[in-house]
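User: Hello! I am new to reading protein models. Could you take me through this one, feature by feature?

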Amino acid sequence: MKYAIVFVYDDKKSDYQVSVPDLPGCAITEKTIDLGMEEITKAIKSHLAILAEYGEKVPNAKGLESHRQNYILENPHTFSQAFWAIVSIDITPYLGKSHKINVTLPELLIAQIDDKVSKSSDYKTRSGFIASACFTELEK
């Protein structure tokens with residue numbers, strides 16, 4: 001899952017406030033952008049682990065442009081101080097226990113999936129690709 005994150009620099013405190021709009025309450029404060037990226041990634045994983053522990057659904061990530069436009073509307077005086085990044089998180093560990101199932105797919109489709117998986121760092125396995133596609137479709 002690719003989560004949008006927003007950095008807002010606080011001149012008074014000389015630090016960055018970093019938050020994840022898709023995960024309300026998931027936010028940190030750091031002195032540098034590099035530390036912000038590192039720590040927000042940890043915070044996202046921790047946030048998702050807590051959701052999983054309580055049996056809550058992993059929120060689907062919305063597009064960066066959608067968040068940016070909402071931020072401009074909600075923060076008209078500070079939007080120019082904000083900048084955005086994307087953090088890619090493997091959400092598989094937060095979806096619950098895995099179960100092996102048999103799925104019948106056409107040979108050509110399997111070949112296309114395998115080709116996509118082999119060429120993309122977004123997917124580690126065929127099952128991961130299929131799970132991601134299912135997750136996206138279920139969110140509609």
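**Contacts, sheet and rings**

Analyst: Gladly! Let us start with M37, which touches I5, F7, A85, I86 and V87, not counting residues up to four places away in sequence; contact means heavy atoms within 4.5 Å. This is a predicted model, in which local features need pLDDT of at least 70 and side-chain atom pairs count only at pLDDT 80 or more, while totals for chains, interfaces and linings use all residues. Residues are numbered from 1 along each chain as its sequence is written, and side-chain values use heavy atoms, with hydrogens and water left out.

User: Where is M37 found, and how far apart in space are M37 and F7?

Analyst: M37 belongs to helix α1, residues 33-53. Helices (H or I, at least four residues) and strands (E, at least two) are DSSP runs, numbered from the N terminus. M37 and F7 are 30 residues apart in sequence, with their C-alpha atoms 9.5 Å apart in space. M37 counts as partly exposed, at 27% relative accessibility; buried means under 20% relative accessible area, exposed over 50%, and partly exposed in between (1.4 Å probe, protein chains only).

User: How do I read the sheet, and what is the order of its strands?

Analyst: Begin with the pairing rule: two strands pair if DSSP finds at least two bridges between them. Here an open sheet of four strands has the order β3-β2-β1-β4, with antiparallel pairing. The edges are held by β3 (27-30) and β4 (82-88), each with a single partner strand, so one side of each has no neighbour in the sheet. From one strand to the next, the twist averages 25°. Axes are lines fitted to C-alpha atoms, for helices over the stretch in contact, and angles run from 0 to 180 degrees between N-to-C directions. Helix α2 (residues 64-74) packs on this sheet and touches β1 (2-10) and β4, its direction making about 150° with that of β4.

User: How do I describe a pair of aromatic rings?

Analyst: Such a pair is described by the distance of the centres and the angle of the planes. Rings of Phe, Tyr and Trp (its six-membered ring) pair if their centres lie within 6.5 Å; planes under 30 degrees apart count as stacked, over 60 as edge-to-face and the rest as tilted. By this rule the count is six aromatic pairs. One of them, Y123 with F129, is edge-to-face, at 4.9 Å centre to centre and 75° between the planes. F129 is buried, with a relative accessible area of 19%. F7, Y9, Y16 and F83 form one aromatic cluster.

User: Last one: how is the chain divided into domains?

Analyst: Into domain 1 (2-94) and domain 2 (107-139), with bounds that come from an automatic or database domain assignment. Their centres, taken over C-alpha atoms, are 26 Å apart. Six residues of domain 1 are in contact with four residues of domain 2.
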